[in-house]
Amino acid sequence: MTSTPTMLRSEPHRPTKLAVRRSPLHGWGVFATAPIAAYELLEEAPYFLTPLKELRKAPSCETYSYYLDNTTSIIGLGLAGLYNHSSNPNCSHEIDQVNNLMRHYALRPIAHGEELTIDYGTDNAAHFMKGGH
């Protein structure tokens, strides 16, 4: 998802209700340390772009990337690479190309202790489930 805000940010929003812990889903995950409201902004993190053909040479890095289009991938800094997949996610993201920020937000209320998940999309989820992560 891409957004185009008109205001330049001087500092990204830092996560205050999130922690990284071992996940029952896979490896590490992001968890709520306090209740989170629906549509609450969770984190804004810088990202960098990389050509998809270059990223595919490093499959372990590709696992933590987001596809921007058919030729470009985004690698988000911050917690962006640690959200695990769910086909029924409680979070989503948008790409702010003006400020070069990735924004993650809650899709519904999230309880304290609940793992935050995003939908990787059909292709990414299949890769992940086959051991690509």
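**Sheets, core and a covered strand in a predicted model**

Four strands make up an open sheet of mixed pairing, in the order E2-E3-E10-E7. This is a predicted model, in which local features need pLDDT of at least 70 and side-chain atom pairs count only at pLDDT 80 or more, while totals for chains, interfaces and linings use all residues. Residues are numbered from 1 along each chain as its sequence is written, and side-chain values use heavy atoms, with hydrogens and water left out.

Trainee: In E10, which residue is the bridge partner of Phe 31?

Mentor: Strand E3 (residues 28-32) and strand E10 (residues 115-118) run antiparallel and are joined by two bridges. In E10, the partner of Phe 31 is Glu 115.

Trainee: Which residues have the most contacts inside the largest nonpolar core?

Mentor: A nonpolar core is a set of buried Ala, Val, Leu, Ile, Met, Phe, Trp, Tyr and Cys residues joined through side-chain atoms within 4.5 Å, where buried means under 20% relative accessible area (1.4 Å probe, protein chains only). The largest such core has 19 residues, and those with the most contacts inside it are Leu 18, Ile 36, Tyr 83 and Leu 116.

Trainee: Which elements give two or more residues to this core?

Mentor: Among them is E9 (101-106), which pairs with E4 in the antiparallel sense over five bridges and with E8, also antiparallel, over six bridges.

Trainee: How many residues of E9 are buried?

Mentor: In a regular strand the side chains alternate between the two faces of the sheet. In E9 both faces are covered, with Leu 101, Arg 103 and Tyr 105 buried on one side and Met 102, His 104 and Ala 106 buried on the other. The number of buried residues is therefore six of six.

Trainee: Is Ser 73 buried or exposed?

Mentor: Ser 73 lies in strand E6 (residues 72-76). Leaving aside neighbours within four places in sequence, Ser 73 is in contact (heavy atoms within 4.5 Å) with residues including Phe 48, Leu 55 and Tyr 67. Because its relative accessible area is 0%, Ser 73 is buried.

Notes: Two strands pair if DSSP finds at least two bridges between them. Buried means under 20% relative accessible area, exposed over 50%, partly exposed in between (1.4 Å probe, protein chains only).
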